[in-house]
Protein chains: 2
Amino acid sequence: MKGKLSPRQQGILAFIRRFMDEHQFPPTVRDIQAGCDISSTSVVDYNLQVLQREGNLRRLPEVSRGIELLDGGARRGFVNVPVLASIAAGVPIPVPSQEALDDPNLENIELPTSLTQGKENVFALRVKGTSMIDAFIADGDLVLLEPVVHPDNGDMVAAWLLDDEEVTLKRFYLEGDTVRLQPANSAMEPISVPAEKVAVRGRVVGVVRTM
Amino acid sequence: MKGKLSPRQQGILAFIRRFMDEHQFPPTVRDIQAGCDISSTSVVDYNLQVLQREGNLRRLPEVSRGIELLDGGARRGFVNVPVLASIAAGVPIPVPSQEALDDPNLENIELPTSLTQGKENVFALRVKGTSMIDAFIADGDLVLLEPVVHPDNGDMVAAWLLDDEEVTLKRFYLEGDTVRLQPANSAMEPISVPAEKVAVRGRVVGVVRTM
DNA sequence: TTCTATCCAGAACAGATGTCCCAACCGCAC
DNA sequence: GTGCGGTTGGGACATCTGTTCTGGATAGAA
């Protein structure tokens, strides 16, 4: 699906984006023709077919302006955040893979970049249960994570404890060969684990709760 | 510019919104005709002219699907949420007024309607201090509130305690002449206050935290 | 060379689509 | 009643627009 695009195809795609940014609707075939200096509508039609085959857009037949961009549909200033799964004690966090991201059943939520601080590839997990209460995270909350395997000290991370088969959200401190996981709630005791027994899956960049 | 709209005009506006939520482009005159059970395209045309005159949308002449919605420049599926002020113990919550909303210095954050559940006039307050810890709300969190003065029992509300000159986020229960404010954290004791000593300013619809 | 796949050019067709015209209807003031 | 502004119905027209057809150009493989 990721065949490379000809310059003309890239130009068409760029023009569609520009056009939709300016208007609230996609261009017609002839808009594209004029905007990209193409001599015939059939050329536009042909390249749109290619772009559709390559998965860059979707066309609705017989419908004027029936073009829908598929590159995440991401408008400027927004990112599409996939809600990969739920986390609960005893269930490992899945690694975001391309197949998983293409799953059409995947819940998706569009968030302004202000909430993700411009981070790339942010994904979300829905919290089940009350095991994260010590981090002010309640049942049903959505945790936004940035994929990070080697966090810095002091980062709030989602960590998979291999021995306990448990996932927790804690502050991460690497001290020699052991990892200290410090709850956000100072009333609770930190956990110290050998470094090889901890698999960090992501750094927490935000929490969203709706009621 | 705020003449009242006929039911048909409201229906057309709602249909356009629904259509643009579903597709990435506006409907044609005939789409509207079918979607709103209108017998003639001329009626659609007429009402679109009215909607344009009233400032609800803009039409591009001679352009198919040349309809642009003008509701506040907000893209479909998103709302502009003003961050009115910070809340902390001892500081009253301001009432969102028109002048306040027009303040150019106002911080604004664009959120998807999925986070506000389509509620209107949602505003946000930034939490200072740790007085809301019992509701899993930490220092620096953004609380999304829907303006409500008379909440239902069980709602999580922002309440201004007149005697204590204090603001808290608690679950609201009206029991006769007194109001019971139940912390979200069951380990903490509820507060009971005479109803006239409590001023509810809003119902909590969401919490957002960035780190 | 020949064949094939890709891409382009020009033109035309059929259906989609915005617009306009005219008549009719309705509520309301006079 | 009459008149009038707002609204609706029905239809037609000109244009817009997606699609298709024919032909050709180019490049690489057989």
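Q: How many nonpolar, polar and charged residues does the surface near DNA strand C have in this predicted model?
A: Ala, Val, Leu, Ile, Met, Phe, Trp, Tyr, Cys and Pro count as nonpolar, Asp, Glu, Lys and Arg as charged, and the others, Gly among them, as polar. By these classes, the surface near DNA strand C has seven charged, 10 polar and five nonpolar residues.

Q: Which element supplies the largest share of the surface near DNA strand C?
A: Helices are DSSP runs (H or I, at least four residues), numbered from the N terminus. At least two residues of this surface come from each of α2 (29–35) of chain B, α3 (41–53) of chain B and α3 (41–53) of chain A. The largest share, five residues, belongs to α3(A).

Q: Which residue has a side-chain N or O atom 2.5 Å from a sugar or linking oxygen of DNA strand C?
A: A polar contact is a pair of N or O atoms within 3.5 Å. The 2.5 Å pair with a sugar or linking oxygen involves the side chain of Ser39(A).

Q: What percentage of the residues in chain A is buried?
A: Buried means under 20% relative accessible area (1.4 Å probe, protein chains only). Chain A has 211 residues. The buried share is 41%.

Methods:
Residues numbered from 1 in each chain as written. Chains lettered and ligands numbered in written order. Predicted model: local features only at pLDDT ≥ 70, side-chain atom pairs only at ≥ 80, totals over all residues. Heavy atoms only, no water. Polar contact = N/O pair within 3.5 Å; in protein donor to acceptor, adjacent residues only side chain to side chain. Buried < 20%, exposed > 50% of the residue type's maximum accessible area, 1.4 Å probe, protein only.
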